[in-house]
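Open the model in your viewer and keep the selection panel at hand.

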Amino acid sequence: MSARFQALVFDLGGVIVQHDNAMLFERLASRCSRSWGLEEVSARLRQGGWGTGTPIRHFYDQLKAEGG
């Protein structure tokens with residue numbers, strides 16, 4: 001049985017669900033074994049083109065490999 005959708009909603013700008021990229025990057029950096037900060041994590045996100053549909057799992061794998 002296939003599901004049918006009437007709408008697909010993208011929450012660009014955090015209208016429906018609040019999202020704070022800076023907080024996300026700081027939390028990711030705090031879990032890296034290297035002493036990374038917001039700048040290092042956000043730079044890697046920008047360099048990889050992660051907003052283009054690439055599975056976010058690949059970003060996690062990159063952080064794990066480079067940042068411990």
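**Whole chain.** Start with the cartoon view. Reading from the N terminus, the elements run α-α-α. The protein has three helices and zero strands. Keep in mind that this is a predicted model. Now colour by burial. Of the 68 residues, 18% are buried. For contacts between residues at least 6 apart in sequence, 32% join residues at least 24 apart.

**Helix α2.** Select residues 38-47, which form α2. Which residues of this helix are buried? They are Val41, Ser42, Ala43 and Arg44. Show what surrounds them. The buried residues of α2 pack against α1, residues 21-30, and against α3, residues 56-67. The next two stops take these partners in turn.

**α1 against α2.** Select both helices and draw their axes. The axes come within 8 Å and cross at roughly 105 degrees. Angles of 65 to 115 degrees count as roughly perpendicular, so α1 and α2 are roughly perpendicular to each other. Now show side chains at the contact. From α1, pick Ala22, Phe25, Glu26, Leu28 and Ala29. From α2, pick Leu38, Val41, Ser42 and Leu45. Colour the contact of α1 with α2 by class: seven residues are nonpolar, one is polar and one is charged.

**α2 against α3.** How do the axes of α2 and α3 cross, and within what distance do they come? They come within 11 Å and cross at roughly 135 degrees. That angle makes α2 oblique to α3. The crossing of α2 past α3 is right-handed. On the α2 side, select Val41, Arg44 and Leu45. On the α3 side, select Phe59, Gln62, Leu63 and Glu66. The residues of this contact of α2 with α3 divide into four nonpolar, one polar and two charged.

An α-helix has 3.6 residues a turn, so residues three or four places apart point the same way.

**The core.** Select Phe25, Ala29, Cys32, Trp36, Val41, Phe59 and Leu63. These seven residues make up the largest nonpolar core. Which elements give two or more residues to this core? They are α1 and α3.

**Last stop.** Leave Val41 highlighted. Val41 is buried in α2, meets α1, takes part in the contact with α3 and belongs to the largest nonpolar core.

Definitions and conventions: Residues are numbered from 1 along each chain as its sequence is written. This is a predicted model: local features need pLDDT of at least 70, side-chain atom pairs count only at pLDDT 80 or more; totals for chains, interfaces and linings use all residues. Side-chain values use heavy atoms; hydrogens and water are left out. Buried means under 20% relative accessible area, exposed over 50%, partly exposed in between (1.4 Å probe, protein chains only). Helices (H or I, at least four residues) and strands (E, at least two) are DSSP runs, numbered from the N terminus. Contact means heavy atoms within 4.5 Å. Axes are lines fitted to C-alpha atoms, for helices over the stretch in contact, and angles run from 0 to 180 degrees between N-to-C directions. Angles under 35 degrees count as roughly parallel, over 145 as roughly antiparallel, 65 to 115 as roughly perpendicular and the rest as oblique. A crossing is left-handed if the near helix is turned anticlockwise from the far one by less than a right angle, and right-handed if clockwise. Ala, Val, Leu, Ile, Met, Phe, Trp, Tyr, Cys and Pro count as nonpolar, Asp, Glu, Lys and Arg as charged, and the others, Gly among them, as polar. A nonpolar core is a set of buried Ala, Val, Leu, Ile, Met, Phe, Trp, Tyr and Cys residues joined through side-chain atoms within 4.5 Å.
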